[in-house]
Amino acid sequence: MTPEELGDTLARLVWESFSDFVADGDAEIPLGALGVPSQNGFPEQRATEEALIFLMWAHTRGVQLAFFGRTQDSLVKRGLDAMHRAVFEDLTGNGTPRSQLPIFEQRISARYTEYHAAAACSDSRLGEAVMRHLRSQDCDEGKRLASAVSRRAIAVANPLRDFLEEVDLVG
């Protein structure tokens with residue numbers, strides 16, 4: 001598989017995961033069950049964007065785990081860059097002004113840094129970090145919800161890693 005094919009495949013997987021995550025009833029734990037604020041059954045825009053960032057990170061993590069030590073870093077980076085480009089193109093194709101992409105990219109970079117550091121400590125720290133960005137307020141069920149988010153990340157990253165372990169990147 002070329003890095004560009006990997007990027008296109010990942011973008012489709014991100015959007016599928018995202019659709020499941022924001023649609024009540026379609027996901028193991030949808031945003032609504034996490035107490036994310038919504039209007040008329042749809043999550044608020046900020047929370048929706050944070051969910052997308054989280055799922056992009058989870059897919060990025062799965063790719064990094066799959067190719068660690070067995071593929072040139074430059075090929076992996078090209079594949080991840082292609083994924084991000086495809087997601088950004090989808091966003092602009094659905095009405096996001098291109099002028100907002102640089103700010104969104106900065107948020108992505110900040111979240112990736114935070115999520116990588118949290119995941120390096122523990123799954124629960126990762127879930128807590130994600131929940132801080134998904135919800136605007138704390139809740140009594142914080143630990144249970146953070147655990148559910150951690151399980152979501154694992155449910156995305158592990159099968160992707162397992163699938164990609166059989167894939168060779170060629171560039």
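## About the model

The model is predicted, so local features need pLDDT of at least 70 and side-chain atom pairs count only at pLDDT 80 or more, while totals for chains, interfaces and linings use all residues. Residues are numbered from 1 along each chain as its sequence is written, and side-chain values use heavy atoms, leaving out hydrogens and water.

## Helix 2 meets helix 3

Let's begin with helix 2 (residues 45-67) and helix 3 (residues 73-93), whose axes come within 10 Å and cross at roughly 160°. Helices here are DSSP runs of H or I with at least four residues, numbered from the N terminus. Axes are lines fitted to C-alpha atoms over the stretch in contact, and angles run from 0 to 180 degrees between N-to-C directions. The two helices are therefore roughly antiparallel (angles over 145 degrees).

On the helix 2 side, the contact (heavy atoms within 4.5 Å) includes Leu52, Met56 and Phe67, and on the helix 3 side it includes Val76, Leu80 and Phe88. By class, this contact has ten nonpolar, four polar and no charged residues. Here Ala, Val, Leu, Ile, Met, Phe, Trp, Tyr, Cys and Pro count as nonpolar, Asp, Glu, Lys and Arg as charged, and the others, Gly among them, as polar.

## Helix 1 joins in

Helix 1 (residues 3-22) packs with helix 3 at an angle of about 45°, with the axes 7 Å apart. Helix 1 and helix 3 are therefore oblique to each other (the angles left after under 35 degrees as roughly parallel, over 145 as roughly antiparallel and 65 to 115 as roughly perpendicular). Among the residues that meet are Leu6, Leu10 and Trp15 in helix 1 and Leu75, Arg78 and Met83 in helix 3. This contact has 13 nonpolar, two polar and four charged residues.

## The nonpolar core

Which residues have the most contacts inside the largest nonpolar core? They are Met56, Val63 and Phe67, in a core of 46 residues. Such a core is a set of buried Ala, Val, Leu, Ile, Met, Phe, Trp, Tyr and Cys residues joined through side-chain atoms within 4.5 Å. Its largest share, eleven residues, comes from helix 2.

## A buried histidine

His133 lies in helix 5 (residues 123-134). His133 is buried, with a relative accessible area of 16% (buried means under 20%, with a 1.4 Å probe and protein chains only). Leaving aside neighbours within four places in sequence, His133 is in contact with Arg46, Glu50, Arg111, Glu114 and Tyr115.

How values were computed: Buried means under 20% relative accessible area, exposed over 50%, partly exposed in between (1.4 Å probe, protein chains only).
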